Amino acid sequence: MMADLEAHRHRKSNQPWQSDAGRYRRHGHAIGNGTPEYRSWEGMFQRCYNPKNHKYHRYGARGIVVCPRWWNFGNFLADMGLKPNAEYSLDRYPDLDGNYEPSNCRWATRSQQARNRHTNRIVVIRGKRMPLAEAVERFDADYGLTILRLRRGWSIIKALTHPR
């Protein structure tokens, strides 16, 4: 399977879906500019396989690929379903270093995606890992004050729950 992915990586086109474009019209997602789901699918390939794409360095250059099943838009659509609404976009979750595949993708809001970044500070509360921003929200705490308390050496629970 890795050989197949490498072969796809080195295709002349860098746009693996183009040779099959006619097939996608039958479910109505490739007409004109395409539906939001089709544009997400196409963007996923651009990020992973087109070195000229401005986001390639975060995806394809890091070795992130699209699973072979999703080289067919119909399979992608069957696995992901329709976007809940226009505020959602494709997110690699729970493993942001993982590939685009059914077990590692979801439709997510900007807020959800913002919490799924390498730069987030991750805390563990009652055995559950989460971004600090999520913990602050759950405890209805002040973010700046929580950061200050953590810098002063407070435990995460005390920093989140201690009254002002």
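**Aromatic pairs.** I took rings of Phe, Tyr and Trp (its six-membered ring) as paired if their centres lie within 6.5 Å, with planes under 30 degrees apart counted as stacked, over 60 as edge-to-face and the rest as tilted. The model is predicted, so I note that local features need pLDDT of at least 70 and side-chain atom pairs pLDDT 80 or more, whereas totals for chains, interfaces and linings use all residues. Residues are numbered from 1 along each chain as its sequence is written, and side-chain values use heavy atoms, without hydrogens and water.

I searched the whole structure and found eleven aromatic pairs. In one of them, the ring centres of tryptophan 70 and phenylalanine 76 are 4.9 Å apart and the planes stand at 85°, so I recorded the pair as edge-to-face. Tryptophan 70 is buried (under 20% relative accessible area, with exposed over 50% and partly exposed in between; 1.4 Å probe, protein chains only), at 0% relative accessibility. Phenylalanine 76 also counts as buried, at 0%. I then listed one aromatic cluster, formed by Tyr38, Trp41, Phe45, Tyr49, Trp70, Trp71, Phe73, Phe76 and Trp107.

**Helix 3.** I read helices (H or I, at least four residues) and strands (E, at least two) as DSSP runs, numbered from the N terminus. Helix 3 covers residues 36-49 and reaches 20 Å from its first C-alpha to its last, close to the 20 Å expected at 1.5 Å a residue; the expected span is 1.5 Å times one less than the number of residues. Eleven of the 14 residues of helix 3 are buried, among them Tyr38, Trp41, Phe45, Arg47 and Tyr49.

**Charges over rings.** My criterion was NZ of Lys or CZ of Arg within 6 Å of the ring centre and within 35 degrees of the ring normal. Arginine 47 lies over the face of tyrosine 59, 5.3 Å from the ring centre. Arginine 106 has its charged end over the ring of tyrosine 93, at 3.7 Å from the centre.

**Pockets.** On a 1 Å grid over the protein atoms alone, I took a pocket as an open set of points where a 1.4 Å probe fits, with protein on both sides within 12 Å along at least five of seven lines; lining residues have an atom within 4 Å of a point. The largest pocket is lined by 20 residues, and Arg58, Tyr59, Asp91, Gln113 and Arg117 are the closest to its centre. Helix 3, strand 1 (89-92) and helix 5 (110-114) each give two or more residues to this lining.

The second largest pocket has 16 lining residues, with Tyr93, Arg115, Met130, Pro131 and Glu134 nearest its centre. Strand 4 gives the most to that lining, four residues.
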